[in-house]
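Colleague: I have a new model open. Can you walk me through reading it?

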Amino acid sequence: MKRLILLLITLLPFTLNSQQVVFHLTGQWQLHSPDTAISVSATVPGNVFIDLTKAGIIPDPFYGQNEQKVQWVSQKKWIYEKNFFITSKFLKHKNIELI
C-alpha cells in the first residue's frame, strides 16, 4: 500500500502538468504567389490546385487535357497565410500544439 501511495505522489506532478492545449488552424486561409498577382481564398487542408480551381483561376486539372494547361502552377512559389489571435492566458500553457 505504501508503494502505491508513493507511486501516486510521484506521478501527480506529471498528471497536473500534462494538460494539452490544442489550437486548430483548419478553415479559411489566403493563398498568394509572390511570382504573380494572384491572391485567392483558400481552405486548409487542401492544395494550390484545388484552391485555384475553386477561384476560377485555372481549369480542372483532372479534366481532359487541362493538366498540360496548368503546369505553370507548380513552377511558382505559393504562400498560405492566416491571421489568428490568442490570449496571453493561452500563451502561459507549458505546451501548445498547433494543428
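Predicted model: local features only at pLDDT ≥ 70, side-chain atom pairs only at ≥ 80, totals over all residues.

Colleague: What order do the elements of the chain run in from the N terminus?

Modeller: The order is α-β-β-β-α-α-β-α-β. That gives 4 helices and 5 strands.

Colleague: Which element has the lowest mean pLDDT, and which the highest?

Modeller: Read pLDDT as the predictor's confidence in each residue. Helix α1, residues 2-17, has the lowest mean, 44. Helix α2, residues 48-54, has the highest, 97. Over residues 1-16 the pLDDT is below 50. Beyond near neighbours in sequence, that stretch has 0 contacts in the model. The chain as a whole averages 84, and 81% of residues score at least 70.

Colleague: How do I read the core?

Modeller: In soluble globular proteins, nonpolar side chains tend to be buried together. Here the largest nonpolar core has 15 residues. L31, V48, L52, V73 and W78 touch the most other members. Strands β1 (21-23), β2 (27-32) and β3 (39-44), along with helix α2, each give two or more residues to this core.

Colleague: Which residues does V48 touch, not counting those up to four places away in sequence?

Modeller: V48 touches L31, V73, W78 and Y80.

Colleague: And the surface?

Modeller: Of the 99 residues, 20% count as buried. The accessible surface comes to about 8,000 Å². Carbon and sulfur atoms hold 60% of that surface.

Definitions and conventions. Residues numbered from 1 in each chain as written. Heavy atoms only, no water. Buried < 20%, exposed > 50% of the residue type's maximum accessible area, 1.4 Å probe, protein only. Areas by Shrake-Rupley, 256 points an atom, 1.4 Å probe, with all protein chains shown as cover. pLDDT = per-residue confidence, 0-100. Contact = heavy atoms within 4.5 Å. Core = buried A, V, L, I, M, F, W, Y, C linked by side-chain atoms within 4.5 Å.
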